Number of protein chains: 2
Amino acid sequence: VSASVVGPIGVIGGMGPLATADYFAKVIGATTADDDEGHVPLLISSDPRIPRRPPAILHGDTSPLPRLREIRDRLVAAGVSALVMPCNTAHYWHTDLSADCALPFPSIVESACREAAARAGAGSLVGLVATRATLAARLYEPALAALGLRPLLPDDALLDEAMLPAIADVKAGRVAEAGTPMARAVQALRDQGAAVVILACTEAPIAMSTAPAALQALCIDSTAALARTTVALWGTLNR
Amino acid sequence: VSASVVGPIGVIGGMGPLATADYFAKVIGATTADDDEGHVPLLISSDPRIPRRPPAILHGDTSPLPRLREIRDRLVAAGVSALVMPCNTAHYWHTDLSADCALPFPSIVESACREAAARAGAGSLVGLVATRATLAARLYEPALAALGLRPLLPDDALLDEAMLPAIADVKAGRVAEAGTPMARAVQALRDQGAAVVILACTEAPIAMSTAPAALQALCIDSTAALARTTVALWGTLNR
């Protein structure tokens, strides 16, 4: 392939691997292609050897940023034309990772919030399913506010007894067990007035895949939103 | 990560993308891990811009080998410690791709044949679900013979009316439509005396995922076999 061919889209993944695989499948699903050649080229780093994000944000433990930079730079050196990172919590470092990198690097947060705004009217309450670190860092608040939306956060009990156990189940491969607590979390946010619920952790859509259809219909899948952004970006890169 | 850390396993994929995503999911499924960090690091090239394999083998059309070498070399330059290629037909070039590369590069053909031998006794008939190119190139015959197994190939009618349409359906994302013709192909091989049937095309296990359990139980999934080989290889690389 000559130098004029557009490089693949680089994926900073492995946080966790199942969420990265889910993102990959959703990019394929969001593509209209009659054969192999119509699909979006991806170069996916699914390397889970990245310091844990929540303890770094919440307790000042080892920052994953140097390792994320290293993975990013390897993808750039391998010729990618853009970057994505299908992990919400890691978007705490998105500004750092995109500041010294000239490539397009769309944010999963902005992708999800745009889809929420398209679904819910201005002033609507938007429930958030996320890790404690994503919530503590207020990763979603600026993007929601810019679109005229109000965040509805889970309280500590809902976080500790439903969302976080479900997320941990998915990371350990116990997808079936994750369904019930995650559905309970989404239901609770709906009961508190959420017009839509953003699954603002890439493990959450995997947990919700076995939930009742009515609850799934209430949700904005951040992984799917980033996948759709990826397919659209690939279109613009090839224009 | 320091230079002493073992590089990820490189995946030459995109042939097609859904098969690569299936391989990725099967590596995760074959891993015992309680959290992100226990998973096998992968660097996956899912770049479908590779000249089509069947016309190159069957009609001498543009060879994909230069492009496969280029993708391989990019993965090697990015620091991978081993290579795999979850596409059976592309293994026509496996010898070329591994001859001038010092990294471990286990073959999907050998992985699948080992699992067939573990399941079927010496002298057993082993049915093959594969592309016409894989069959014409006799990619499976030497490995089966070395294990004392006898190949059972589909005739042209079964290939043209069941296997190839099902494979094309998966490549076009029509997974549900692929189930019936693929199940018919496996059933036909069983009726002709196959003790086991190797799904020797990475689209075939995706097509078979909706087939009756009894037919699925007859099959050796080449994608899953390569995934298990990958997890075992990662163990040895880290010993």
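A: Let's start with charge pairs: between chain B and chain A, the count of salt bridges is zero. Keep in mind that this is a predicted model. Side chains of opposite charge can pair when their charged atoms come close. The structure does hold 28 salt bridges over all chains, but none of them is counted between chain B and chain A.

So what is there at the meeting place? On the chain B side, 42 residues are in contact with 42 residues of chain A. The size of an interface is often given as the accessible area lost when the parts come together. Here chain B and chain A bury about 3,300 Å² between them, and 53% of that area is on carbon and sulfur atoms.

For an example of a salt bridge inside one chain, look at Arg67(A), which pairs with Glu70(A). Their closest N and O atoms are 3.3 Å apart. Both residues sit in helix 3 (residues 65-77) of chain A, and because they are three residues apart there, about one helical turn separates them.

Now for the helices. Two packed helices are described by the angle between their axes and the distance between the axes.

Take chain B to begin with. Helix 1 (residues 17-29) of chain B packs against helix 12 (residues 222-237) of chain B at an angle of about 45 degrees, and their axes are 8 Å apart. Helix 1 of chain B and helix 12 of chain B are therefore oblique to each other, and the crossing is right-handed. Helix 1 of chain B brings Ala19(B), Asp22(B), Tyr23(B), Lys26(B) and Val27(B) to the contact, while helix 12 of chain B brings residues including Thr223(B), Leu226(B) and Val231(B). Sorted by class, this contact has seven nonpolar, two polar and two charged residues.

Gly16(B) lies in the loop between strand 1 (9-13) and helix 1 of chain B, and the peptide bond from Met15(B) to Gly16(B) is cis, with omega near -10 degrees. In chain A, the peptide bond from Met15(A) to Gly16(A) is cis too, with omega near -10 degrees. Gly16(A) is found in the loop between strand 1 (9-13) and helix 1 (17-29) of chain A.

Staying in chain A, helix 5 (residues 108-119) packs against helix 12 (residues 222-237) at about 100 degrees, with their axes 8 Å apart. That angle makes helix 5 of chain A roughly perpendicular to helix 12 of chain A. Among the residues that meet are Ile108(A) and Glu115(A) of helix 5 of chain A, and Leu226(A) and Arg228(A) of helix 12 of chain A. This contact divides into four nonpolar, four polar and three charged residues.

One more pair: the axes of helix 8 (residues 156-171) of chain A and helix 9 (residues 175-191) of chain A come within 8 Å and cross at roughly 145 degrees. Their crossing is left-handed. By class, you get 13 nonpolar, no polar and four charged residues here.

Last stop, a loop: Arg138(A) sits between helix 6 (132-136) and helix 7 (141-146) of chain A. Its phi is near 55 degrees, a positive value in a residue other than glycine.

Terms used: Residues are numbered from 1 along each chain as its sequence is written. Chains are lettered from A and ligands numbered from 1 in the order in which they are written. This is a predicted model: local features need pLDDT of at least 70, side-chain atom pairs count only at pLDDT 80 or more; totals for chains, interfaces and linings use all residues. Side-chain values use heavy atoms; hydrogens and water are left out. Axes are lines fitted to C-alpha atoms, for helices over the stretch in contact, and angles run from 0 to 180 degrees between N-to-C directions. Helices (H or I, at least four residues) and strands (E, at least two) are DSSP runs, numbered from the N terminus. Angles under 35 degrees count as roughly parallel, over 145 as roughly antiparallel, 65 to 115 as roughly perpendicular and the rest as oblique. A crossing is left-handed if the near helix is turned anticlockwise from the far one by less than a right angle, and right-handed if clockwise. Contact means heavy atoms within 4.5 Å. Ala, Val, Leu, Ile, Met, Phe, Trp, Tyr, Cys and Pro count as nonpolar, Asp, Glu, Lys and Arg as charged, and the others, Gly among them, as polar. Buried area is the accessible area (1.4 Å probe) that two parts lose on being put together, summed over both. A salt bridge is a side-chain nitrogen of Lys or Arg within 4 Å of a carboxyl oxygen of Asp or Glu.
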